[in-house]
Amino acid sequence: MKTTTKTAALKPAAKVPATKPAVTTKDGCPTPDEVKAARARSGLTQQAAATLVHSKLRSWQEWEQGHSTMHAGLFELFNIKYRLLQTMEKHTKPAAKKPT
């Protein structure tokens, strides 16, 4: 069985201006606007965002379009993992070499 690395799928999308998210539903699940705004702020593509939470692209699209509701736990997982990726990238970038 051939395995592939999923890190290649985490390419940032083109920068999209973030919109103010709508209020979370009473059951704690994010609204479609919140899902879309969180992904826009992250700069990830829909595919990369879906991969981050071990979901399918179609599911992410349905959450953003309001055809289905994203579970509050998955939304929290997306936010936590994205912040973790940002922190890791910040601390693993090689320092610029000083000219000699």
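In helix α1, which spans residues 32-42, the buried residues are Glu 34, Val 35, Ala 37, Ala 38, Arg 39, Ala 40 and Ser 42. The model described here is a predicted one. Just after α1 comes Gly 43, whose phi is positive, at about 80°.

## The contact of α1 with α3

The axes of α1 and α3 come within 6 Å of each other, and their crossing angle is roughly 120°. The two helices are therefore oblique to each other, because an angle between 115 and 145 degrees is neither roughly perpendicular nor roughly antiparallel.

On the α1 side, the contact is formed by Pro 32, Val 35, Lys 36 and Arg 39; on the α3 side, Trp 60, Trp 63, Glu 64 and Gln 65 meet them. Sorted by class, this contact holds four nonpolar, one polar and three charged residues.

## Aromatic pairs

Three aromatic pairs are found in a search of the whole structure. In one of them, the rings of Trp 60 and Trp 63 have centres 5.6 Å apart and planes at 70°, so this pair is edge-to-face; planes over 60 degrees apart fall in that class. Trp 60 and Trp 63 are three residues apart in helix α3, and about one helical turn therefore separates them. An α-helix has 3.6 residues a turn, so residues three or four places apart point the same way. Trp 60 is buried, with a relative accessible area of 1%, and Trp 63 is buried as well, at 8%.

Another pair joins Phe 78 and Tyr 82: their ring centres lie 6.5 Å apart and their planes stand at 15°, so the pair is stacked. Both residues belong to helix α4, where four residues, or about one turn of the helix, lie between their positions. Phe 78 and Tyr 82 are both buried. Through ring pairs, Trp 60, Trp 63, Phe 78 and Tyr 82 are linked into a cluster.

## The loop between α2 and α3

His 54 is located in the loop between α2 and α3. With a relative accessibility of 60%, His 54 counts as exposed, because the cut-off for that class is over 50%. In sequence, His 54 and Phe 78 are 24 residues apart, while in space their C-alpha atoms are 9.7 Å apart. His 54 is thus exposed, whereas Phe 78 is buried.

Definitions and conventions:
Residues numbered from 1 in each chain as written. Predicted model: local features only at pLDDT ≥ 70, side-chain atom pairs only at ≥ 80, totals over all residues. Heavy atoms only, no water. Buried < 20%, exposed > 50% of the residue type's maximum accessible area, 1.4 Å probe, protein only. Axes fitted to C-alpha atoms, helices over the stretch in contact; angles between N-to-C directions. Parallel < 35°, antiparallel > 145°, perpendicular 65-115°, else oblique. Contact = heavy atoms within 4.5 Å. Nonpolar A, V, L, I, M, F, W, Y, C, P; charged D, E, K, R; others polar. Phe/Tyr/Trp six-rings, centres within 6.5 Å; stacked < 30°, edge-to-face > 60°.
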